[in-house]
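The structure is shown first, and the description follows.

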Amino acid sequence: METSTKKGFKALLPGKEFVKGTFNTVSFQKIIQHFINYVQQCGIPSINTNYAKGKVEQKVIDDLNAINISLKTHFNKIQNDAQKELAQVENTNTILGKIWHFSRTGEVSVKAIYTAVKNNPNPLSPETKTKITKYLNLIDKSLADLESSIPADAFDVIHKELNKDISNLNTDFTNMQAAIPDGDGSKLDLTNLTEAEAKSKLDKQINSLNNNISTLQQEIAWETVGQVGIGIVGGLIAITNFWNPIGWAAAAGTAVGEAELAVDKADKITKVATDQTNVFISEAEESILQPYYATKHYATQIKSMVAGLESLSQGIGAIRTYIDASLTDMESFIADLGDLDSLDLDYELISGDFKDLTDCVHTLMGPVFDNETLEDPKWSAMASDGKWAKILEDPDSPFYIKLMKEMNAESQASSTPILNSVA
């Protein structure tokens with residue numbers, strides 16, 4: 001694959017979603033999708049070695065070509081891993097949305113039931129308690145099913161693979177640096193240089209060598225002309241000078257000059273050849289800059305994904321904790337429906353659980369979810385204080401029948417496995 005232009009890379013530099021500390025699943029999805037697009041549009045970094053054939057040692061060419069094969073292998077794996085990661089995060093996002101839906105439903109419903117029970121002058125009948133229990137247990141079951149849809153180690157495999165990708169890229173750009181011979185000793189250590197700095201240094205090095213070559217070539221040309229001008233042609237004294245005593249003197253005087261010029265000229269020709277080789281070596285080194293820094297950039301973005309996955313795993317761990325707490329406190333709330341004093345404390349606890357759960361989902365899903373409404377507005381209406389007051393008065397109320405029908409449908413939908421494992 002052809003090496004991409006710098007313009008292409010700069011045009012696709014990441015945006016603010018890569019800034020640390022702004023993690024949520026929405027921005028994380030953007031990071032992954034951006035990375036996938038970035039690789040697909042810019043292509044796999046590749047070192048062009050065609051220009052150097054016959055000018056640099058074959059081992060250098062072979063090493064650089066081997067790095068190209070390694071880059072292609074590693075980047076194909078990276079793209080595959082990024083696609084798997086994107087699918088996992090999208091699936092998790094769907095589950096988080098459902099968890100938010102049931103936590104909000106639980107929050108609204110528990111408040112409405114608590115208010116209705118507190119305002120009801122008559123003790124709850126066993127039939128009414130059974131119906132309330134059935135409804136609240138459906139919320140519990142939905143949350144428990146959703147919790148099990150995100151295993152605690154859901155992201156462990158992809159996390160390990162991304163860390164392996166980073167290690168592979170580190171090896172690639174270390175090998176790039178090592179593949180170039182030392183040349184004239186001015187080989188750059190790219191570790192702490194930006195691409196612009198490295199390019200500037202190599203350009204100056206190449207320009208200096210080329211200027212030196214040009215100067216030497218001019219001197220060699222002048223020395224060649226000078227030798228001919230004083231009568232030395234191919235190491236022989238010119239015939240025009242043979243019978244001329246002055247010519248003899250001139251010839252005799254230049255015999256030493258010829259030897260000096262010949263040595264000087266040979267030294268300069270050798271220096272030109274050396275400098276020209278160093279130009280080719282410097283150009284070979286310059287040829288790795290774009291793939292070298294592109295690879296480092298990719299590695300940086302994968303590190304962002306790994307950090308994001310760690311945040312996502314921590315957030316999911318917190319969600320599991322809050323769901324477990326809500327399930328436990330919901331049992332107490334249900335058990336104490338007939339004990340108003342205990343119900344006050346139960347309501348405070350379960351309300352706190354649902355708030356923590358909802359806040360955690362907000363944190364993981366980002367500000368875009370802050371003003372989300374329940375998927376079905378009828379839920380909110382059916383769970384309002386007025387409706388539950390009627391349900392307490394008449395357990396066979398059509399309000400309750402309709403509510404349970406909606407609740408069962410939603411609960412069954414929540415039980416559908418969503419998260420795909422990554423092999």
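## Overall architecture

The chain contains 12 helices and two strands. In sequence order these elements follow the pattern α-α-α-α-α-α-β-β-α-α-α-α-α-α. The model is a predicted one.

Of the 423 residues in the chain, 45% are buried. Among contacts between residues at least 6 apart in sequence, 85% join residues at least 24 apart.

## Helix α3 against helix α4

Two packed helices are described by the angle between their axes and the distance between the axes. For helix α3 (residues 58-119) and helix α4 (residues 126-149), the axes come within 10 Å and cross at roughly 160 degrees. Angles over 145 degrees count as roughly antiparallel, and α3 and α4 are therefore roughly antiparallel to each other. The crossing of α3 past α4 is left-handed.

On the α3 side, the contact involves Ile95, Lys98, Ile99, Phe102, Ser103, Thr105, Gly106, Ser109, Val110 and Ile113. Their counterparts in α4 are Ile132, Tyr135, Leu136, Ile139, Ser142, Leu143, Leu146 and Ser149. By class, the residues of this contact between α3 and α4 comprise 11 nonpolar, six polar and one charged.

## Threonine 105 within α3

One of the α3 residues that meet α4 is Thr105. Is threonine 105 buried or exposed? Its relative accessibility is 2%, so threonine 105 counts as buried, the cut-off for burial being under 20%.

The side chain of threonine 105 also reaches the backbone oxygen of histidine 101, at 2.8 Å.

## Helix α3 against helix α8

Helix α3 also packs with helix α8 (residues 289-335): the two axes come within 10 Å and cross at roughly 25 degrees. This angle makes α3 roughly parallel to α8. As α3 passes α8, the crossing is left-handed.

From α3, the contact draws on Leu71, Phe75, Ile78, Glu85, Val89, Thr92, Leu96, Ile99, Val110, Ile113 and Tyr114. The contact of α3 with α8 has 19 nonpolar, two polar and one charged residues.

## Residues that take part in both contacts

Key
Residues are numbered from 1 along each chain as its sequence is written. This is a predicted model: local features need pLDDT of at least 70, side-chain atom pairs count only at pLDDT 80 or more; totals for chains, interfaces and linings use all residues. Side-chain values use heavy atoms; hydrogens and water are left out. Axes are lines fitted to C-alpha atoms, for helices over the stretch in contact, and angles run from 0 to 180 degrees between N-to-C directions. Helices (H or I, at least four residues) and strands (E, at least two) are DSSP runs, numbered from the N terminus. Angles under 35 degrees count as roughly parallel, over 145 as roughly antiparallel, 65 to 115 as roughly perpendicular and the rest as oblique. A crossing is left-handed if the near helix is turned anticlockwise from the far one by less than a right angle, and right-handed if clockwise. Contact means heavy atoms within 4.5 Å. Ala, Val, Leu, Ile, Met, Phe, Trp, Tyr, Cys and Pro count as nonpolar, Asp, Glu, Lys and Arg as charged, and the others, Gly among them, as polar. Buried means under 20% relative accessible area, exposed over 50%, partly exposed in between (1.4 Å probe, protein chains only). A polar contact is a pair of N or O atoms within 3.5 Å; within protein, one must be able to donate a hydrogen and the other to accept it, and residues adjacent in sequence count only if both atoms are side-chain atoms.
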